[in-house]
Each structure stands twice: as C-alpha cells, then as structure tokens.
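Here's a quick briefing to read alongside the sequence and the model. Have both open as you go.

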Amino acid sequence: MSTPQKKAICLYFQVHQPFRLRRYRFFEMGHEHYYYDDFMNESILRRIASNCYLPTNNLLLDLIRKHKGKFKVTFSLTGIVIDQLRLYAPEVLASFRELAETGCVEFLAETNSHSLASLMNRERFELQVRVHGEKMAEHIGYQPTSIRNTELIYSDEIGNWMADMGYKAVVTEGAKHILGWKSPNFVYCNAINPRLKVLLRNYTLSDDIAFRFSDTSWSSYPLAADKYASWIKGLAPSSEVVNIFMDYETFGEHQKKETGIFDFLKHMPDAIIKKTPFKFMTVSEVADNYQPVSLLHVPSPISWADEERDLTAWMGNELQTAAVTKLYSMAEKMAGCSSEQLQRDWVYLQSSDHFYYMSTKFFSDGAVHAYFNPYENPYQAFMNYMNILSDFEIRLKTLCPVDYHDEEVNRLSETIQSKDHVIIELQEKLTKLEKKAGTANKRAAAKTKGKAAAAPAGKKVATTRVAAAPAGKKTVAAPSGRKAVTAKAVTTPAGKKAVTAKTVAAHEVKKSAAAKTDARKASVKKSAARKSVAKKGAGSK
Amino acid sequence: MRVLMFGWEFPPHIAGGLGTASYGLTRGLASQKDVDVIFVVPKAYGDEDQSIVSLIGANTVSVAFKKVKYRYFMKPVEKIEVFSRLVPYTDPEDFWKMTRGEVADTDLLVSTNKQGKVDFSGTYGANLMDEIYKYSVVAQVIASEQEFDIIHAHDWLAYPAGIAAKAVSGKPLVIHVHATDFDRSGGNVNPVVFKMEKEGMDAADKIITVSNLTREIVINNYDIDPEKVETVYNAVEPLHHSELDVPARAYDDKIVTFLGRITLQKGPEYFIEAARMVLSRMPKVRFVMAGSGDMMERMMRHAASLRITDRFYFTGFLRGNDVFTMLRMSDVYVMPSVSEPFGISPLEAMQSNVPVIISKQSGVAELLTHAVKVDFWDIEAMADAIYGILTYPALSRMFIMNGKEEVDKLKWEKAATHVKDIYTRVLKQTSQQI
C-alpha cells in the first residue's frame with residue numbers, strides 16, 4: 001500500500017481516426033482495388049490536426065513543463081491513426097514524440113487497427129497488439145506497459161490474455177451493470193489473473209467534459225476548472241483513483257475552441273493540484289502505486305459506447321453481425337497471405353468504425369454515431385462495406401489460392417492471358433508481313449506490265465501469275481481469319497472476368513465451375529490451335 | 001360534419017394512386033366520429049363499395065329539368081331568375097341551334113342523353129376537358145340538392161367541380177393536391193391544366209398537399225400563400241394476413257420490380273439502365289416492368305436494344321390483387337420517379353415484405369427511414385442498391401423487418417384525423433369571416 005492520503009487522478013485520451021471508405025459500387029468489384037476516400041480522410045484529419053491535435057498537444061506540453069512533473073497524461077494511438085498522421089500530418093506525430101520525451105506521458109498498447117479482434121480469437125488479438133507495439137516503438141519511440149482494447153472493450157477473458165502478454169494494467173468502462181454498488185474510483189483486478197489491474201472510467205466526470213461541456217441546457221453550465229476541481233475534491237473521502245477517459249477529439253473538435261474548452265484544460269491541472277488531494281498519474285503509475293480492492297467480474301464484454309456500454313454499437317444488428325462474420329471468415333486465409341497490399345487493406349478494413357456506421361441505433365440516438373460519419377444511413381454503410389469486402393475476397397482468392405480449384409482457375413486464366421499476348425504479337429507480325437507482301441505484289445505487277453511488250457518474257461508472266469494467285473488467296477483469307485482471332489481476343493477477357501467473378505461462388509457450385517473450367521481449357525486449346533494456324537500462315541510467307 | 005367530396009376515380013375502377021389515396025382518406029374519414037362523406041365521381045359503375053360512403057355518379061344525376069338554386073352565392077335570390085341556368089341538349093344539332101339562339105351568356109350548355117342525364121366515360125380519354133366541364137356542371141346540381149358543410153376536391157380534374165359547388169353553395173372549399181402538372185409533364189406544363197390548377201388553388205380556402213415536396217411546388221410555382229398550404233401524408237390500407245401468401249416461384253432467380261405508369265414522370269428508363277448494369281454482373285436476376293403508359297413501347301424497344309429482354313419483362317397494367325401478387329413475388333421494388341408528389345406503391349411493397357428503393361425526388365422519401373433513397377438519375381447508386389439487397393441477405397432481412405414495422409404505423413385514420421382538423425379550422429375561419 002502506498003501513501004493512503006494521496007489520491008490519484010488519471011487522464012487518458014483515445015486518439016483514433018479510421019480510413020473512411022469511398023463509395024464503392026458493385027460493378028467495380030474485380031476491377032478497382034482502391035477502397036479509401038483520400039480526399040475525405042485527408043481533409044478530416046487535417047482539420048482535426050489543426051483544431052485539436054496540434055493545439056492540444058502544445059497546450060499539454062506547456063502544462064507539463066509548467067507543473068514540472070506534477071501533471072501527467074496517458075494516450076492511446078491506434079496503428080491506423082499513426083498511419084494517417086504519417087500520411088497527412090507528420091508534424092502531429094513529431095509533437096507526440098515530443099510529449100513522449102517529457103517522461104510525463106504514457107502511451108498504451110492496443111490493437112493495431114482499432115479492431116474487434118478481441119471478440120474473435122486470442123491469436124488474432126495478440127498479433128494485432130504486437131504489430132501495434134512495433135509501430136509505437138518505431139514512430140513514437142515508446143514501449144507500452146499498460147494496455148487498452150478498442151473502445152475499451154473488456155471482459156475477464158480478454159483481461160487474462162492481456163495479463164499473459166505481460167501488461168500490468170488495463171483501462172475500461174466503469175459500467176454500472178458490472179459495478180453494481182461498487183465505486184469506479186478504486187483499482188480492481190482481473191478475475192482470472194489478478195496480476196492485471198483494472199482502471200475504470202468515471203463516466204459522469206468524463207462525460208461532463210466530453211459531452212456536456214458546451215450544453216447550455218445542462219444545470220452545471222458553464223463548467224469552469226474550479227467547479228470541476230471542487231467536484232473531484234468532493235470524491236476524496238471515498239475514493240482513491242479518479243479516471244477521466246475520453247476521445248482526444250473532445251478538445252477543439254467535439255467541443256469547439258469557442259466553447260472555452262482549451263481554457264478549461266489550461267486551468268484544470270492547476271486547480272486540481274492546488275485545491276484537491278489528488279495527484280496526476282499515468283495508468284501504469286496508478287497500477288504501480290495502488291493495490292486492487294477487489295476482483296472485478298466481467299463475464300461478457302463491456303465497452304464505453306452508447307447507453308448500453310456493451311457491444312451493440314458494433315454487433316447489435318443483423319447487418320453488423322453479417323459484416324463482421326464475413327470479414328473474419330477470411331482471417332485464416334489472410335494469415336497465409338504475403339501480399340503487402342492485401343495485408344494493408346486487411347488492417348484498414350478491420351476498424352470497428354465501419355461497423356459502428358452500420359448501427360441502427362443511429363436512427364434513435366444517433367448524435368454520437370454521426371461524428372465524422374460518411375454515410376447517410378446504416379444500410380448504405382453496410383452495402384458499401386460489403387461490396388468492398390467482396391472485392392477483397394476476390395483478390396484474396398486470386399493472390400492466395402487456398403484449394404486446388406482456385407489454383408486451377410488461376411492457372412488457366414494466366415494461360416489465357418499469356419496466350420492472348422502471343423496472339424496479339426503474332427497478329428502484328430502478320431499485318432506487317434501482309435503489307436510487305438502487298439507492296440511486293442504491286443511492284444511485281446508493275447514489272448510484268450512493263451515486260452508484257454517483250455514476247456519472250458510471256459512464259460515468265462504466266463508463272464508469276466500462278467505464283468501470285470495463291471498469295472492473293474491468302475491475303476483474302478487472312479483478314480477474315482484475323483477478324484476471328486481478334487473477336488476471340490475480345491471475348492476471352494470477358495471470359496476471364498467470368499472466371500474471377502465465379503471464384504466467389506466456386507465453393508457452392510464446384511461441379512458446374514469444374515465444367516466451366518473444362519470449357520475454358522477447350523477455349524484455350526482452340527485459341528492455341530488458331531495461333532498455330534496463324535503461325536503457319538506467317539511461316540508460309 | 002358532412003363532406004361533399006369530388007374525386008375522379010373510386011375503387012375498383014382506378015388507374016393510379018389518385019383513386020387509392022382518395023378512397024383511403026375517405027375510409028379514414030368515415031371511421032371518424034361525426035364525419036359523413038358524400039363521394040362524387042363522374043361515372044359510377046354500380047359495383048363500388050358503398051358501405052362507408054354514399055357514392056354519387058355524376059352520370060346518374062338528372063340535370064335536364066332541374067332548377068339550380070343559387071342559395072348563398074348571389075343575393076338576393078329573388079333578383080335572379082330562379083330557373084336553371086343549365087341548358088341541356090342531346091345532340092350536336094340542338095347545340096348548334098342553341099348557340100345560335102338567345103341563350104344568355106351566363107347560361108351553361110350541357111349535353112345530355114335521352115334520360116336527361118349527362119354521359120361520362122370516367123376515364124382520361126380524348127374528351128377529358130369536355131368531361132371536366134360537364135362534371136363541374138353536374139357538380140352544381142349535386143351541390144344544390146345535397147346538404148353538406150364543406151367541399152373537398154381531389155386533383156385538378158375535380159377542381160372545377162369543387163369551384164362550381166362552392167359557387168352554388170357558398171360552403172368552404174378544400175382542395176387536395178395529389179400531383180401538379182409540373183410532376184406529370186416533367187416541366188413542359190400544359191397551360192390549360194395549369195390554369196385549372198391555379199384557379200382551383202386560388203378559389204380554395206385551404207390546400208392539402210401530399211408532401212412537402214408538392215407543398216413547395218404549390219407555393220413557388222403557383223404563387224400561393226404558404227399559410228394556406230398544409231401537408232398531410234398519405235397512408236396505406238392494412239393488409240390482411242390471408243393476402244400475404246406468397247405464390248410458389250418456379251425458379252430461384254431474384255425478381256426486381258418496377259410498378260407504375262410507364263410515363264416520363266415515373267423514370268422507367270433509369271430502371272432499365274440500372275437493370276442493364278446489374279445484369280452485366282449478376283446472372284440470376286429478372287426484372288419486371290409492371291404497368292402501362294405512353295412510354296411503354298419506347299421502353300420495350302430500349303430494353304431490346306440493350307439486349308436484356310431475356311431477363312426483362314413487361315406485364316402491362318395490373319389491377320387489384322395482381323398488384324399484390326406481383327409485389328409478393330418481388331425481391332426488390334424500385335421507384336425511380338423523376339418527380340413523385342407522394343408515391344403510395346413503395347408502402348404497399350413494404351407491406352408485402354419487399355425492400356424498396358425510392359428516388360429522393362419523391363414525397364414518400366420524406367416519410368420513410370427504412371428504404372434506400374437515391375437520386376432518380378443516379379443509376380449507379382440504384383444498381384448498387386439492387387445488387388446489395390439481392391446479394392446480402394442480412395440487408396434484405398433488415399429492410400423487410402424494419403420496413404414492415406414502419407409502414408404498419410402509417411394509418412389512414414391518422415391522416416384523416418389531420419384532415420378533419422383542417423376542416424374544423426377552415427369552418428371556424430369562414431364562419432368568422434361571415
């Protein structure tokens with residue numbers, strides 16, 4: 001037990017922006033493999049960077065310097081937001097590094113793609129956390145010791161995995177239905193592995209800033225730093241740790257600059273340090289300094305989303321379940337896939353945000369679901385996502401064939417492609433030769449005309465004529481043959497498309513597909529045959 | 001409260017949404033306390049359901065020897081001759097004689113049959129303008145014979161009748177705009193129709209529009225005081241469970257349906273274009289264009305030129321139960337209307353458990369949440385939505401479930417309550433004026 005007099009306050013901010021998807025139509029499937037709305041992503045991220053990330057980072061930096069180690073904060077950056085910052089706002093990444101160097105800022109581990117992997121299986125979750133750890137080390141220069149899961153999703157089982165991975169603390173929601181009479185203002189520990197400490201969000205105090213700050217109809221409006229500090233002070237007799245967790249975008253984006261949110265943030269640390277017995281600590285420091293008061297049983301997953309504080313924001317309706325199921329049905333194949341492009345898309349497509357947009361709660365309490373939502377309604381979100389996922393599946397099957405059947409189809413379509421290529425080359429040759437032959441014939445004809453006057457040459461004329469005749473025939477026959485070949489060339493790509501399209505349905509209708517592959521083989525043979533004819537033709541000339 | 005209602009169609013003899021809507025509203029009103037409806041149509045066939053309203057066919061009203069009394073309009077009554085200003089004639093010869101004779105300018109000439117009644121075709125044929133005129137003449141006779149408190153006229157065909165009835169009786173007139181000529185013509189407004197509409201709107205004490213979309217048109221294009229115009233959304237008759245049996249399908253192809261008049265207003269060509277896009281990527285789909293209209297032949301040729309007729313079908317005009325059978329067989333219902341004041345048919349589709357795609361240029365889009373809404377010209381979005389619903393069963397199930405729930409909440413009783421409220425206000429307002 002550490003100093004029982006001193007209490008801790010823990011500020012933690014989530015930084016995340018998904019790669020929003022562009023409008024992807026079904027007829028693009030199999031042709032277009034770029035899924036992101038670059039313009040929207042860049043403009044949203046640039047806007048947030050200048051409204052929130054940069055000014056708030058600077059303010060925090062000033063506060064940390066001013067309070068000389070007495071003011072501390074904790075962040076979590078998703079792998080996806082790191083990617084976006086690298087693309088669109090590298091200066092933000094630099095300022096996070098600067099924050100990290102102060103020693104007063106902790107960064108948490110989490111899933112790389114802000115995904116729901118923890119609800120799928122352990123390996124996938126661990127893999128994602130590992131990848132995220134590498135990213136943090138590379139771009140922020142930080143080795144996380146505590147962890148949080150996507151949207152603070154937590155259950156006993158997930159906590160156990162985290163403990164096994166060596167993390168000392170996790171942050172999650174102080175959900176009423178889990179706590180019952182218990183207070184969120186103490187440290188708890190995981191029910192399976194007590195080594196993992198659990199920090200619970202005080203949602204009243206957190207939402208006072210995150211949601212109610214600028215609400216003029218709120219009885220406590222306007223909220224000033226002193227007032228806030230007095231509330232926290234009031235908690236002192238019956239609490240050890242107050243956890244204030246929220247989206248980082250609260251500062252300057254959800255609560256605009258004009259609401260005075262920055263002034264609030266500027267004066268809040270001072271007020272708390274001076275007027276309350278609370279001391280700022282990061283998540284890991286809390287874990288180091290406080291002993292858990294009890295086990296916390298969380299048999300089914302909780303999160304910090306919506307009123308329900310459960311998973312219904314992402315897996316609450318049939319659309320969401322279908323989309324999540326389809327996505328993770330490809331996980332096994334993805335494990336064996338080495339394509340960088342596919343792996344990148346795989347990461348971005350896993351963002352829980354895509355499923356959040358499909359929530360039908362959008363219709364009733366949609367305000368929060370509407371933050372940066374690129375879709376008009378959940379149906380549109382679902383259709384767009386599923387179209388993209390279908391294309392992704394097609395690519396996955398082509399690039400990482402799983403069964404014999406896919407391989408066979410791939411092999412055949414490759415053959416078709418290469419043979420098409422050969423045919424085109426030969427055609428070009430053929431037309432060149434024909435042109436040459438044509439001019440040669442004309443010249444020959446002109447010569448014979450000139451020589452016709454000379455009687456002794458008569459015999460020769462006859463022979464050239466004979467010789468010319470079959471050549472003429474050839475030139476007549478050749479164009480029609482060429483047409484047939486080009487027609488074939490036109491049809492084959494279409495056939496190929498059919499092949500790729502069919503791979504989707506391949507599993508259900510193996511037999512019919514097999515029949516089709518036979519047909520394709522035949523067509524390949526045919527085109528090969530035609531080519532050999534063309535070759536012969538060219539050769540005879 | 002007795003309402004004298006002028007319509008143009010009454011089930012089962014209907015050609016489109018107008019008949020369905022005015023009938024639904026009448027039923028809703030009939031279920032209200034102390035509202036009686038006298039419904040007038042140009043032609044009564046005799047097989048209409050008269051349990052809820054007293055239906056009068058204008059063709060059954062004898063006008064020949066009637067005296068139309070102008071009780072309220074022109075006072076004192078004694079000063080004008082209390083004899084009918086209707087001058088019936090039975091053949092063109094008579095008409096010629098009369099126009100040559102000393103018929104006063106204010107007298108109305110109307111052609112009658114041997115029984116002294118006026119013949120109506122009750123359709124939208126070549127003599128439409130003549131029929132509208134005759135209808136308004138007979139409306140005067142009816143208005144002078146019946147007791148009522150308020151007049152309600154549905155759509156421009158009945159506006160002149162409503163105006164005439166108001167002139168005779170002095171009772172307030174409510175007109176119900178189910179469509180304007182801006183919707184029907186795609187912008188090439190017929191000046192004669194426009195004049196009739198404008199006169200109707202000017203004469204009306206209150207205008208009911210079927211959507212805010214239409215309300216805007218009425219206010220902006222007809223220069224009407226916004227205060228006078230109010231939106232009452234249409235509803236849909238609840239389906240009985242026995243009607244929900246799905247007919248067995250002989251094939252497992254999906255069916256995508258367009259149902260409505262094949263006219264410019266309904267945007268059939270966008271449906272065909274979307275069909276072409278879907279068919280190029282999906283083999284097991286069939287498209288059905290149900291209905292008839294002036295663009296049908298052109299659409300058939302268009303489909304043929306795109307070489308999709310082996311998967312694209314035309315059914316011609318569907319009536320009564322056939323409509324629901326068609327809907328029940330469908331997997332997606334598409335309404336790509338270029339300009340649709342309301343559009344009841346998507347509601348019927350949702351009742352039949354069919355997901356719907358509707359154009360944003362329809363009034364019903366203001367009302368519905370659980371429907372795909374696309375711009376009528378955005379065939380890519382339309383094709384994409386069709387593909388999505390056909391391909392992803394979860395999506396289709398969500399639409400069916402939520403759509404059904406949503407549409408079941410739309411009741412004619414609600415619309416009728418609103419209309420009754422409007423009547424009450426109009427009556428109060430006019431009584432104050434007097």
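pLDDT is the predictor's confidence in each residue, on a scale from 0 to 100. Chain A averages a pLDDT of 82, and 79% of its residues score at least 70. This is a predicted model, where local features need pLDDT of at least 70 and side-chain atom pairs count only at 80 or more, while totals for chains, interfaces and linings use all residues. Residues are numbered from 1 along each chain as its sequence is written, and chains are lettered from A and ligands numbered from 1 in the order in which they are written.

**Fold of chain A**
- Chain A has 19 helices and 12 strands, taken as DSSP runs (helices H or I, at least four residues; strands E, at least two) and numbered from the N terminus.
- Of the 541 residues in chain A, 40% are buried (20 or more other C-beta atoms within 10 Å of the residue's own, with C-beta atoms placed from the backbone).
- Take contacts in chain A between residues at least 6 apart in sequence: 79% of them join residues at least 24 apart. A contact here means two C-beta atoms, placed from the backbone, within 7 Å.

**Where chain A meets chain B**
- The contact takes 12 residues from chain A and 15 residues from chain B.
- On the chain A side, helix H12 (318-329) and helix H16 (378-399) are the elements that give two or more residues.
- H16(A) gives the most, with 4 residues.

**Handle with care**
- pLDDT stays under 50 over residues 452-511 of chain A, where the model has 54 contacts beyond four places in sequence.
- Residues 531-541 of chain A also stay under 50, with 17 such contacts.

Note on methods
Buried ≥ 20, exposed ≤ 12 C-beta atoms within 10 Å, placed from the backbone.
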